[in-house]
Amino acid sequence: MTKSQTPTTALCRHTLTSIHYRDKNLVEDLLKGDADFVKVMAEHILARELPGAEIRIVNAILIAIMEHGLTPSAIACREIYMSAPENLQGAVAAGLMGVGSQFVGTIENNAVLLASLAALAGEDARREKARGIIAQHRASKILLPGFGHHLHKPDDPRARRLMEMGREEGFGSGYLDSLELLGEEIDAAFAKHVPINATGAVAALMGEMNIPVKLMRGFAVISRAAGLVAHIAEEQQRPSGRYIWDLVDKAVPYRK
């Protein structure tokens with residue numbers, strides 16, 4: 001954008017008597033009682049309407065990654081809420097800062113790999129590329145995003161069901177097939193079964209829906225925000241923040 005150009009927005013406009021989300025009248029079109037939040041949200045973010053099958057998949061994705069238990073993001077959320085209970089949004093924001101390259105945000109990391117496979121024509125080319133990806137990660141001692149889980153064996157039940165749902169809706173022309181192919185090559189390289197995890201399945205499904213890779217993590221943020229509010233609700237009724245603090249204080253000794 002040059003200095004002479006004025007920034008514009010296509011997200012929202014208003015008059016004295018109306019508010020519009022993109023080209024829809026908020027009151028007349030969206031507040032009739034039958035509007036669906038996931039549908040409206042997806043259209044607002046992507047600037048296009050998603051068909052019913054894709055709305056069902058997005059809904060399933062948001063549900064599947066909403067809650068992860070007492071993971072780092074939830075612990076951070078609870079600790080900050082304990083420290084500043086007047087600032088609920090600050091506690092949620094602290095938890096969302098943990099959506100990154102190691103947890104939840106691995107959706108984006110995996111999608112980059114799947115996109116490079118899906119762009120190739122033919123299974124042989126994809127397998128060769130997959131083997132190269134695996135070799136590069138092993139040489140760098142970097143975990144392959146979207147694979148492996150410290151709790152679920154032999155498979156992550158969330159990933160399995162999400163992939164089944166994608167197949168039921170007719171997905172599989174590129175990203176889902178590439179995910180399964182990459183999984184096969186990983187198993188062969190490590191001589192054992194390495195499960196596809198939920199973020200791997202989510203990356204494949206979002207790729208099938210042509211959701212831009214750089215926006216995928218945003219859907220994870222939306223989903224996790226709901227889960228973190230639930231952690232705050234529980235913290236209000238069954239506080240654990242000080243217990244976690246005391247536990248860490250006793251478990252981590254001082255040493256020079």
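User: What share of the accessible surface of the protein belongs to carbon and sulfur atoms?

Analyst: This is a predicted model, where local features need pLDDT of at least 70, side-chain atom pairs count only at pLDDT 80 or more, and totals for chains, interfaces and linings use all residues. Residues are numbered from 1 along each chain as its sequence is written, and side-chain values use heavy atoms, with hydrogens and water left out. The accessible surface (Shrake-Rupley method, 1.4 Å probe) comes to about 15100 Å². The carbon and sulfur share is 58%.

User: Which residues of helix 5 are buried?

Analyst: Buried means under 20% relative accessible area, with a 1.4 Å probe and protein chains only. Helices are DSSP runs of H or I, at least four residues long, numbered from the N terminus. Helix 5 covers residues 88-96. Its buried residues pack against helix 4 (72-83) and helix 11 (213-237). They are Gly 90, Ala 91, Val 92 and Gly 95.

User: How are helix 2 and helix 3 oriented to each other?

Analyst: The axes, lines fitted to C-alpha atoms over the stretch in contact, come within 10 Å. They cross at roughly 100 degrees. Angles of 65 to 115 degrees count as roughly perpendicular. Helix 2 and helix 3 are therefore roughly perpendicular.

User: Which residues of helix 3 make the contact with helix 2?

Analyst: Contact means heavy atoms within 4.5 Å. Helix 2 brings Val 38, Lys 39, Met 41 and Ala 42. From helix 3 come Ile 55, Val 58, Asn 59 and Leu 62.

Definitions and conventions. Axes fitted to C-alpha atoms, helices over the stretch in contact; angles between N-to-C directions. Helix = DSSP H or I, 4+ residues; strand = E, 2+ residues; numbered from the N terminus. Parallel < 35°, antiparallel > 145°, perpendicular 65-115°, else oblique. Buried < 20%, exposed > 50% of the residue type's maximum accessible area, 1.4 Å probe, protein only.
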